[in-house]
Amino acid sequence: MDLALSIPLTHPKASYLACKEEIDAAIKRVMESGRYILGQEVKAFEQEFAAYIGVRFGIGVGSGTEALHIALRACGIQSGDEVITVSHTAVATVAAIQLSGARPILIDIDRDTLVMDVSQIERAITPRTKAILPVHLYGNVVDMKSLRSISESHGLWVIEDCAQSHGATHQGQKSGTWGNIAAFSFYPTKNLGAFGDGGMVLTNDPELDERVRLLREYGWRQRYISEILGLNSRLDELQATILRVKLKHLDQWNEERRKKAKIYTERLTSLGIVCPSEKAGALPVYHLYVIRTEKRDALQMFLKAKGIETLVHYPIPIHLQNAYKGLGYRKGDLPVTEQCASEILSLPLFPELKEDEIERVVESIRSFMKAASIK
Ligand SMILES: *Cc1c(COP(=O)(O)O)cnc(C)c1O
């Protein structure tokens, strides 16, 4: 295998190279400012990102996991409560619910979009249910209109996990604007990524905004005076200044992802590969481009030998992971989730991916499918 010709799944360094001068200058400015935690850069980025999404308040925190945890706590979620989410997600989603003390209730996904099947929510509601936590996985926004009519009729909080959906819309409205509160991650490979950890909580509710601000730093409104129990989860000035530069490119980068996804879909559908489907009214941002095939494992090995990196997001659904045995789920409980976990494969996709690289991935899949059909 010629490593120089290999195609990575994702390439966060390319986004640095794309705006290197601006990022280098911003880093230098912060280094020389003498202020490294919760200063002007964080404040400006909180305002700019909140404005970009279209909500009133943004609160920078240490990571996406902590953004979820703090959002849950700001809503008063605690031990004894239940929070409904999906099993087909990053473990962070479920870990955050457990950090709050609540019990995660895991429901199945929609076969086409691979995000929460909202028709499963009502039967999961109990007197202990306090919140619904939709995950806009892969950059696909959950059917939030239907979800909201359920949450409103049952008086439940809606906490959106937007870690993979910066800029994605559903019926013209961005993810992060539909619920009471939303959590974003700026992990380096996300659509808007820092060069380290980072996250943000967004809300239109001034009371939630205030509670999140207290929670992120020891319950302080005033230094050294703890009004409530808090933690330490702060976004730093270096990451904020980098994110401010990158935010200006986000729409264009999402557009590039969509363009590339479209090429994959046009080329792969005729090969018998199940490609991501876009529901009417949805504008996904393709954090990942996830195909499905029963021959997943063999295809992944074949592509690896050709220098094409792929990954499975995610190979073992949360409800079947060892660490989550205590939740009491068994194999067969979430059939769509379980079937998808054995068929999904994420192909290389990032804004700087070149068309001839897409071509190589497609051609490799074509030769694999041809060989597989002869066998
Ligand atoms: C990345 C991710 C998170 C967690 O974000 P971190 O910044 O890595 O803590 C949460 N949920 C989903 C769906 C994610 O993809």
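## Ligand site, sheet and backbone

In this predicted model, a nitrogen atom of the ligand is 2.8 Å from an N or O atom in the side chain of Asp-161.

| Residue (side chain) | Ligand atom | Distance |
|---|---|---|
| Asp-161 | nitrogen | 2.8 Å |

The ligand sits in the second largest pocket. Two elements give two or more residues to the shell around the ligand: helix 4, residues 64-74, and helix 5, residues 91-99.

How many residues surround the ligand? There are 14, and the closest are Gly-64, Thr-65, Gln-164, Ser-185 and Lys-190. By type, the shell consists of five nonpolar, seven polar and two charged residues.

The next topic is a sheet. Strands of a sheet pair through backbone hydrogen bonds, and the pairing is either parallel or antiparallel. Here three strands form an open sheet with antiparallel pairing, in the order 7-6-12. Strand 7 (173-174) and strand 12 (282-283) stand at the edges. Each of these edge strands has a single partner strand, so one side of each is left without a neighbour in the sheet. Strand 6, residues 169-170, is joined to strand 12 by two bridges, and these two strands run antiparallel. His-170 has Ala-282 in strand 12 as its bridge partner.

Two places in the backbone remain to be described. Most residues other than glycine have a negative phi, and most peptide bonds are trans. Which residues does a cis peptide bond join? The bond lies between His-313 and Tyr-314, with omega at about 15°. Tyr-314 belongs to the loop between helix 10 (296-305) and helix 11 (335-341).

The other place is Leu-38, a residue other than glycine whose phi is positive, near 40°. Where does Leu-38 lie? Leu-38 is found in the loop between helix 2, residues 20-33, and helix 3, residues 40-53.

Notes: Residues are numbered from 1 along each chain as its sequence is written. This is a predicted model: local features need pLDDT of at least 70, side-chain atom pairs count only at pLDDT 80 or more; totals for chains, interfaces and linings use all residues. Side-chain values use heavy atoms; hydrogens and water are left out. A residue is near a molecule or strand if one of its heavy atoms lies within 4 Å of it. A polar contact is a pair of N or O atoms within 3.5 Å; within protein, one must be able to donate a hydrogen and the other to accept it, and residues adjacent in sequence count only if both atoms are side-chain atoms. On a 1 Å grid over the protein atoms alone, a cavity is a set of points where a 1.4 Å probe fits but cannot get out, and a pocket is an open set with protein on both sides within 12 Å along at least five of seven lines; lining residues have an atom within 4 Å of a point. A molecule sits in a cavity or pocket if more than half of its atoms lie within 2 Å of its grid points. Helices (H or I, at least four residues) and strands (E, at least two) are DSSP runs, numbered from the N terminus. Ala, Val, Leu, Ile, Met, Phe, Trp, Tyr, Cys and Pro count as nonpolar, Asp, Glu, Lys and Arg as charged, and the others, Gly among them, as polar. Two strands pair if DSSP finds at least two bridges between them.
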